[in-house]
Amino acid sequence: ETPPGYAPLSEATLPDFLAAVPALANRLGGSPADWSVSEVGDGNLNLVFLVEGPGRDGKPAGLCVKQSLPYLRLVGEGWPLDLNRAWFEQRAMALHAAGVSGRAPALLHYDPTLYAIVMERLSPHIILRRGLVQGMRYPKLAEHVSDYLAGTLYATSDLALPATKKRPLVAAFAANDALCRLTEDVIFTQPYMTHPNNRWTSPQLDTTARAVQADPAWKLAASRLKLTFMASPEALIHGDLHTGSIMVTETDTRVIDPEFAFFGPMGFDVGAIIGNLLLNYLAQDGHATEDHPRDAYQDWVLETVEQLWTLFRAKFLHLWRTSGEGDAYPAALFSGPEGTACLETERRAYLDRLFADALGFAGAKITRRILGLAHNIDLEKIADPDLRALCETRCLALARSLMVETGRYPTIRAVTDAARHVR
Ligand code: ADP
Ligand code: SR1
Ligand code: MG
Ligand code: MG
Ligand code: MG
């Protein structure tokens with residue numbers, strides 16, 4: 001049962017929907033008969049259409065339309081899912097754009113009856129994960145993703161927002177319950193138990209999967225991270241910042257797909273991207289051939305991980321030092337040289353704690369992609385199951401260590417060294 005007026009759009013019905021919104025029709029130019037539409041959704045949840053029209057100045061113009069389906073696309077109609085995820089996505093896009101500009105597609109329109117978002121069509125961008133699997137380098141990636149993370153997380157935190165502004169936002173996004181629960185189930189719970197949603201490279205990883213279920217330290221770490229995810233409304237997080245949620249060219253980087261957004265722990269976003277890059281690094285051994293070795297490329301992936309954290313930390317600290325207008329840490333309490341020094345020590349401790357959270361979440365994000373419901377092409381595209389299982393075993397060893405022995409990683413260099421040496 002769907003709300004009145006809702007129906008999934010199709011390539012046939014989309015032109016009428018767009019024609020009814022003058023700003024969108026004008027942007028596309030010509031008439032609806034001139035517009036070409038294709039459904040390109042390759043994610044796990046939604047419909048995504050790309051539309052092209054003749055434009056208004058002789059240059060073709062495009063749009064992207066993303067619509068919620070009443071179910072989880074990956075599984076089908078048997079798994080109903082809240083349509084309102086589109087509302088949270090467009091609201092997060094708008095709030096994040098206020099914290100950082102140019103790092104996401106522009107939001108153009110939202111239709112609450114159809115649960116449809118119209119946004120800038122990114123072109124010739126491709127999904128980062130696809131580029132990484134092909135061995136493509138993105139020299140601006142660390143700089144751009146660290147801009148996005150520092151800008152969005154700082155601007156929506158208690159360091160920047162007065163409590164009377166932040167609390168209503170926390171309340172509004174608390175209603176994104178369906179997607180939060182999905183994360184809690186498929187990332188923090190199911191991979192650590194016998195569950196019909198799980199799958200892995202079998203029989204190669206059968207013993208490993210059973211060992212995870214019998215590993216109290218790993219299960220405890222996963223549950224502690226789950227609690228942090230559930231009970232830490234630090235900032236408006238993206239909530240699904242894997243390498244499939246970033247579109248790139250050599251010079252541009254845009255973050256898409258914040259439908260899982262809610263006020264949660266900042267380390268979840270930072271850890272999601274770091275975890276996905278580490279997984280990609282370890283998967284490269286499954287893509288290397290004699291003619292196309294990947295060693296130099298693997299070095300680039302780890303350099304990107306190091307730069308990403310280092311730049312994020314520096315940018316977040318800079319924002320805090322130069323514009324701390326939230327109600328946390330009132331300036332009146334930290335005046336004079338002693339107060340300034342004391343606050344600076346606190347800022348560094350805050351970032352150390354955020355780093356530890358991020359490493360734990362990175363490990364959890366890696367584990368779920370190998371033992372849980374949703375897998376990644378980084379590993380899935382390794383055709384030889386023995387070779388894939390070897391890469392996956394290394395991923396799991398690193399993931400467990402990041403989650404259970406987080407204290408062994410005081411620096412990002414310690415993390416990349418561990419990735420280099422894991423066997
Ligand atoms: P889902 O929530 O189902 O994962 P995504 O938002 O990730 O959907 O989008 C699915 C795919 O649609 C992306 O992998 C990308 O190929 C394409 N896509 C999404 N947004 C845009 C955009 N603004 N411009 C061009 N392509 C896009
Ligand atoms: C059913 S799990 C689907 C996954 O896809 C989304 O992109 C999220 O990562 C979610 O966990
Ligand atoms: Mg997606
Ligand atoms: Mg999505
Ligand atoms: Mg190597």
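## Two ligands and the chain around them

In this predicted model, ligand 1 is surrounded by 21 residues, of which the closest are Gly43, Val48, Cys64, Leu122 and Asp257. Strand E2 (47-53), strand E3 (61-67) and strand E7 (116-120) each contribute at least two residues to the shell around ligand 1.

Ligand 2 has around it Gly43, Asn44, Leu72, Leu74, Leu182, Thr183, Val186, Asp240, Leu373 and Ala374. The element that gives the most to the shell around ligand 2 is helix H7 (residues 177-186), with 3 residues, and the residues of the shell comprise 6 nonpolar, 3 polar and 1 charged. Ligand 2 also lies between domain 1 (14-120) and domain 2 (126-421), since both give residues to its shell.

The two domains themselves come next. The chain is divided into domain 1 (14-120) and domain 2 (126-421), and the centres of domain 1 and domain 2, taken over C-alpha atoms, are separated by 27 Å. Across the boundary, 20 residues of domain 1 are in contact with 23 residues of domain 2, and on the side of domain 1 that touches domain 2 the residues divide into 12 nonpolar, 4 polar and 4 charged.

Taken as a whole, the chain has 15 helices and 12 strands. Its radius of gyration is 22 Å, close to the 22 Å that the globule rule gives for 423 residues, so the chain is as compact as a globular protein of that length. Along its principal axes the C-alpha trace spans about 60 × 60 × 45 Å, and 43% of the 423 residues count as buried. Among contacts between residues at least 6 apart in sequence, 75% join residues at least 24 apart.

Helix H10 (residues 266-283) is mostly covered, with 18 of its 18 residues buried. At 1.5 Å a residue, the 18 residues of helix H10 should span 26 Å, and the end C-alpha atoms are 26 Å apart, which agrees.

Asparagine 376 sits in the loop between helix H12 (336-371) and helix H13 (377-380). Asparagine 376 is buried because 21 other C-beta atoms lie within 10 Å, where the cut-off for a buried residue is 20 or more. Not counting residues up to four places away in sequence, asparagine 376 touches Arg129, Leu279 and Arg369. The C-alpha atoms of asparagine 376 and threonine 243 are separated by 9.4 Å, although the two residues are 133 residues apart along the chain.

Some backbone details remain. Most residues other than glycine have a negative phi, and most peptide bonds are trans. Tyrosine 115, in the loop between strand E6 (107-111) and E7, has a positive phi of about 50 degrees although it is not a glycine, and tyrosine 115 is buried, with 27 other C-beta atoms within 10 Å. Tyrosine 329 has a positive phi near 50 degrees and is found in the loop between helix H11 (295-323) and H12, but tyrosine 329 is partly exposed, with 15 other C-beta atoms within 10 Å.

Conventions
Residues are numbered from 1 along each chain as its sequence is written. Chains are lettered from A and ligands numbered from 1 in the order in which they are written. This is a predicted model: local features need pLDDT of at least 70, side-chain atom pairs count only at pLDDT 80 or more; totals for chains, interfaces and linings use all residues. A residue is near a molecule or strand if its C-beta atom, placed from the backbone, lies within 6 Å of it. Helices (H or I, at least four residues) and strands (E, at least two) are DSSP runs, numbered from the N terminus. Ala, Val, Leu, Ile, Met, Phe, Trp, Tyr, Cys and Pro count as nonpolar, Asp, Glu, Lys and Arg as charged, and the others, Gly among them, as polar. Domain bounds come from an automatic or database domain assignment. The expected span of a helix is 1.5 Å times one less than its number of residues. A residue is buried if 20 or more other C-beta atoms lie within 10 Å of its own, exposed if 12 or fewer, and partly exposed in between; C-beta atoms are placed from the backbone. The radius of gyration is taken over C-alpha atoms; the globule rule is 2.2 Å times the number of residues to the power 0.38. Two residues are in contact if their C-beta atoms, placed from the backbone, lie within 7 Å.
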